[in-house]
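Colleague: I have not seen this one before. Can you put it up and walk me through it?

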Amino acid sequence: MSEQVVGSAEPDLAVEITGLKKSFGPLEVLKDIDLSVRRGDVVCIIGPSGSGKSTLLRCVNLLEEPTAGRIVVNGQELTDPDVDIDAARTRIGMVFQGFNLFAHLSVLNNLTVAQRKVLGRSPEEAQRTALRNLERVGLSDKVNAMPAQLSGGQQQRAAIARALSMDPSVMLFDEPTSALDPELVGDVLGVMRQLADEGMTMLVVTHEMQFAREVADRVLFMDGGYVVEEGPAAQVIGDPQHERTQSFLARVL
Ligand code: ADP
Ligand code: MG
């Protein structure tokens with residue numbers, strides 16, 4: 001796969017964020033975020049509700065427009081006013097907490113529609129890619145099901161397969177298991193773990209500390225619009241240095 005490397009001095013970096021700020025009117029939600037993610041790395045973001053985790057992810061694929069700062073994904077500066085955002089965004093996969101499948105489309109059509117309309121793939125190629133990714137997430141038997149016929153965990157795995165079908169260079173996950181019944185969480189985390197093992201670059205907002213400990217190359221603790229503490233999972237979760245990290249973990253562990 002050819003990677004376009006423009007505007008980046010560091011071709012090993014999949015995501016480079018510098019001086020990112022985001023305000024909603026008078027509310028300053030992201031105050032000054034710097035974050036680099038190397039290709040193939042899994043970075044988990046933890047922190048209390050309202051700390052800006054979702055806003056950070058939404059800035060990375062420009063669902064929110066940053067107030068200030070620079071975001072480079074895969075060598076392309078998304079914050080460059082001349083960049084083709086729609087084109088750049090196709091290679092950034094996003095999976096949200098809620099299930100975002102199109103309710104009126106079969107699982108297969110959920111996976112093929114953007115491939116055809118956005119990437120211009122032929123129906124045959126889109127279907128081949130979809131079937132391959134459904135197999136990856138263990139849903140080969142649900143190709144023709146409607147979303148309402150799937151469990152929450154299956155819907156979430158279909159949403160992951162849909163994102164993968166666009167050949168993303170990076171996958172963003174925003175609390176992908178938070179809305180699931182507890183017995184369905186493991187299947188989704190298992191798929192994410194497999195993706196990590198395959199070398200996918202991932203930014204994951206999660207409350208699943210066990211997953212973060214086992215899968216993350218790095219953990220960021222966010223609070224009040226800042227990254228308060230970051231490092232290897234064993235350090236940030238196992239031996240937090242900052243008082244705010246300690247009190248957060250005491251509440252969730
Ligand atoms: P987290 O994901 O860590 O819970 P969010 O990024 O969702 O935090 O939200 C951080 C803060 O930004 C919250 O105070 C939230 O109410 C506010 N916020 C998020 N999105 C918007 C928006 N579109 N308009 C106004 N305020 C927002
Ligand atoms: Mg959130």
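Modeller: An oxygen atom of ligand 1 is 3.2 Å from a polar backbone atom of S51, a polar contact (a pair of N or O atoms within 3.5 Å). This is a predicted model, where local features need pLDDT of at least 70 and side-chain atom pairs count only at pLDDT 80 or more, while totals for chains, interfaces and linings use all residues. Residues are numbered from 1 along each chain as its sequence is written, ligands are numbered from 1 in the order in which they are written, and side-chain values use heavy atoms, with hydrogens and water left out.

Colleague: How far is an oxygen atom of ligand 1 from an N or O atom in the side chain of K53? And for S54?

Modeller: 2.8 Å for K53 and 2.9 Å for S54. The protein covers 59% of the 560 Å² of accessible area that ligand 1 has on its own (Shrake-Rupley method, 1.4 Å probe).

Colleague: Which element gives the largest share of the shell around ligand 1?

Modeller: α1, with three residues. The residues around the ligand (a heavy atom within 4 Å) include F24, P48 and G50.

Colleague: Changing topic, which residues touch the most other members of the largest nonpolar core?

Modeller: Among them are I160, F173 and M192, in a core of 48 residues. A nonpolar core is a set of buried Ala, Val, Leu, Ile, Met, Phe, Trp, Tyr and Cys residues joined through side-chain atoms within 4.5 Å, buried being under 20% relative accessible area (1.4 Å probe, protein chains only). A second, separate core has 28 residues, including L35 and M94.

Terms used. Polar contact = N/O pair within 3.5 Å; in protein donor to acceptor, adjacent residues only side chain to side chain. Helix = DSSP H or I, 4+ residues; strand = E, 2+ residues; numbered from the N terminus. Buried < 20%, exposed > 50% of the residue type's maximum accessible area, 1.4 Å probe, protein only.
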